[in-house]
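Dear colleague,

Please find the structure below, handed over for your own work.

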Amino acid sequence: QVQLVESGGGLVQAGGSLRLSCAASGRTFSVYAMGWFRQAPGKERTVIASITWSDGNAYYVDSVKGRFTTSRDNAKNTVYLQMNTLKPEDTAVYYCAASYNPGQWGYWGQGTQVTVSA
């Protein structure tokens with residue numbers, strides 16, 4: 001199993017930036033990919049970005065493409081989500097997740113609140 005601990009959320013004004021971190025421990029050597037999800041009040045949790053652990057190949061949904069960047073530091077077993085040009089509609093609880101197989105997100109961080117004020 002893998003354990004995930006997130007950090008870095010907070011309150012920021014529109015146009016500002018935040019960086020989220022997700023530190024993984026445990027059976028990290030078998031992780032296929034790490035994902036970033038968010039859940040706004042009254043909405044479903046949806047994926048916004050992901051990165052494969054071995055080669056760093058990243059994927060983004062259109063709503064964050066060009067503003068958000070995910071990266072990983074294999075030596076620290078940590079992935080990051082750099083969020084720039086934040087908008088009020090980015091307000092949500094952000095989660096990181098790990099998968100051992102493509103598309104199967106079986107392990108989750110505790111979530112961190114990101115609030116973007118207008």
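Strand β8 is largely enclosed by the rest of the structure, because five of its six residues are buried. Buried here means under 20% relative accessible area, exposed means over 50%, and partly exposed lies in between, computed with a 1.4 Å probe on protein chains only. Strands are DSSP runs of E with at least two residues, numbered from the N terminus.

The model is a predicted one, in which local features need pLDDT of at least 70 and side-chain atom pairs count only at pLDDT 80 or more, while totals for chains, interfaces and linings use all residues. Residues are numbered from 1 along each chain as its sequence is written, and side-chain values use heavy atoms, with hydrogens and water left out.

The sheet around β8

β8 belongs to an open, antiparallel sheet of four strands in the order β1-β3-β8-β7. Its edge strands, β1 (2-7) and β7 (68-73), each pair on one side only. From one strand to the next the twist averages 20 degrees, where axes are lines fitted to C-alpha atoms and angles run from 0 to 180 degrees between N-to-C directions. Two strands count as paired if DSSP finds at least two bridges between them.

On one side, β8 (residues 78-83) runs antiparallel to β7 and is joined to it by six bridges. F68 has M83 as its bridge partner in β8, and D73 stands opposite T78. β8 also pairs with β3 (residues 18-26), again in the antiparallel sense and over six bridges; in this pairing S21 stands opposite Y80.

β7 and β8 form a hairpin with four residues between them. N77 counts as partly exposed because its relative accessibility is 22%.

T85 lies in the loop between β8 and β9 (92-101). T85 is not a glycine either, yet has a positive phi of about 50 degrees. With 45% relative accessibility, T85 counts as partly exposed.

V2 lies in β1 and is buried, with a relative accessible area of 5%. Leaving aside residues up to four places away in sequence, V2 touches A24, S25, R27, T28, V31, A98, Y100 and Y107, a contact being heavy atoms within 4.5 Å. V2 and G111 are 109 residues apart in sequence, with a C-alpha to C-alpha separation of 15 Å.

Yours sincerely
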